[in-house]
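Visitor: I would like to learn how to read a few local features of a model. Please take them one at a time.

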Amino acid sequence: MLHIENLHAYYGLSHVLQGVSLDVKEGEAVSLLGRNGAGKTTTLLALMGYLKPKPGVIEYQGRDISRLSPWRVSRLGVGFVPQERGIFSSLTVLENLTVAARRGRKGLWKLADVYKLFPRLEERRDNRGNQLSGGEQQMLAIGRALLLNPSLLVLDEPSEGLAPLIVEEIIKTLRDVRDNGLSILVVEQNTRVAFDVADRHYVLSKGTVCYQGSTADIRANDEMVRQYLGV
Ligand SMILES: Nc1ncnc2c1ncn2[C@@H]1O[C@H](COP(=O)(O)OP(=O)(O)O)[C@@H](O)[C@H]1O
Ligand SMILES: [Mg+2]
């Protein structure tokens, strides 16, 4: 459903992505791993239309999306949970969610479903974005993306900075939505999250994919893990 091939991207003169290729099939959960600065976020920003590829192929459901605006990409069904979460700090939880629901595609996900997935958000529905803990903000960012009724959910380091118990909750949620048929592309530095959520993994280093394989492949390759993931 997602096909990225030979993707290059620049910040000014700095050639950050140097030929990234990856695929996500329908119903599949895939991770993109790599150290800080490897180009993971940049890959997602190009996919979502925030950065123009120079050059590169980005196809979603067989359609070239490489020149579309972020708004058009999300309307086609790609839900994005950015690294900085993008919560409106002066809006309440409920307002953050309803803004998304209004803009979203018609589909299965309704407010009540998000509250069922994250009961904490319902308890906190009248609190403003800036009153939430990091974990609550991450739940809100995921809930908001689901209300757009995506076919592909794209997440940038969902576990970053969260307490272990909250990380477990995020993992469980992502497994649940995956088991309900949503495709997932998740960027992580935490291999635990990647291995629990995704079946196939790409490892990025210096703006290019240096390794790809199943969870078992990666677990069996200590040297690669030391070299490119630093654990
Ligand atoms: N806005 C920017 N301007 C210039 N360079 C950037 C910018 N954002 C990221 N970079 C650089 O691009 C490279 C890839 O960054 P990024 O995609 O954020 O990596 P990752 O998400 O894997 O940690 C890094 O060397 C980073 O310093
Ligand atoms: Mg990043």
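Visitor: Which side chain has an N or O atom 2.8 Å from an oxygen atom of ligand 1?

Guide: Bear in mind that this is a predicted model. The side chain is that of Thr41, where an N or O atom lies 2.8 Å from an oxygen atom of ligand 1.

Visitor: What distances from an oxygen atom of ligand 1 to polar backbone atoms are found at Gly37 and Ala38?

Guide: For Gly37, a polar backbone atom is 2.7 Å from an oxygen atom of the ligand. For Ala38, the corresponding distance to a ligand oxygen is 3.2 Å.

Visitor: Which residues surround ligand 1?

Guide: The surroundings of ligand 1 consist of Tyr11, Val16, Arg35 and Asn36, together with the run Gly37, Ala38, Gly39, Lys40, Thr41 and Thr42.

Visitor: Now helix packing. At what angle do helix 3 and helix 6 pack, and how far apart are their axes?

Guide: Helix 3, residues 93-103, packs against helix 6, residues 134-147, at about 25°, and the axes are 8 Å apart. Angles under 35 degrees count as roughly parallel, so helix 3 is roughly parallel to helix 6. The crossing of helix 3 past helix 6 is right-handed.

Visitor: Which residues make that contact of helix 3 and helix 6?

Guide: Helix 3 contributes Val93, Asn96, Leu97, Ala100 and Ala101, while helix 6 contributes Leu140, Gly143, Arg144 and Leu147. Sorted by class, the contact of helix 3 with helix 6 holds six nonpolar residues, two polar and one charged.

Visitor: How do helix 6 and helix 7 pack: at what angle, and with what distance between axes?

Guide: The angle between helix 6 and helix 7 (residues 164-179) is about 10°, and their axes are 10 Å apart. That angle makes helix 6 roughly parallel to helix 7. Helix 6 and helix 7 also form a right-handed crossing. On helix 6, the contact residues are Gly135, Gln138, Met139, Ile142 and Leu146; on helix 7 they are Ile166, Glu169, Ile170 and Val177. The class count for helix 6 with helix 7 is six nonpolar, two polar and one charged.

Visitor: Last, the backbone. Which residues does a cis peptide bond join?

Guide: The cis bond links Lys54 to Pro55, with omega about -15°. Pro55 sits in the loop between helix 1 (40-48) and strand 4 (57-60).

Visitor: Which residue has a positive phi although it is not a glycine?

Guide: Asn6 does, with phi about 50°. Asn6 is located in strand 1, residues 2-11.

Definitions and conventions
Residues are numbered from 1 along each chain as its sequence is written. Chains are lettered from A and ligands numbered from 1 in the order in which they are written. This is a predicted model: local features need pLDDT of at least 70, side-chain atom pairs count only at pLDDT 80 or more; totals for chains, interfaces and linings use all residues. Side-chain values use heavy atoms; hydrogens and water are left out. Axes are lines fitted to C-alpha atoms, for helices over the stretch in contact, and angles run from 0 to 180 degrees between N-to-C directions. Helices (H or I, at least four residues) and strands (E, at least two) are DSSP runs, numbered from the N terminus. Angles under 35 degrees count as roughly parallel, over 145 as roughly antiparallel, 65 to 115 as roughly perpendicular and the rest as oblique. A crossing is left-handed if the near helix is turned anticlockwise from the far one by less than a right angle, and right-handed if clockwise. Contact means heavy atoms within 4.5 Å. Ala, Val, Leu, Ile, Met, Phe, Trp, Tyr, Cys and Pro count as nonpolar, Asp, Glu, Lys and Arg as charged, and the others, Gly among them, as polar. A residue is near a molecule or strand if one of its heavy atoms lies within 4 Å of it. A polar contact is a pair of N or O atoms within 3.5 Å; within protein, one must be able to donate a hydrogen and the other to accept it, and residues adjacent in sequence count only if both atoms are side-chain atoms.
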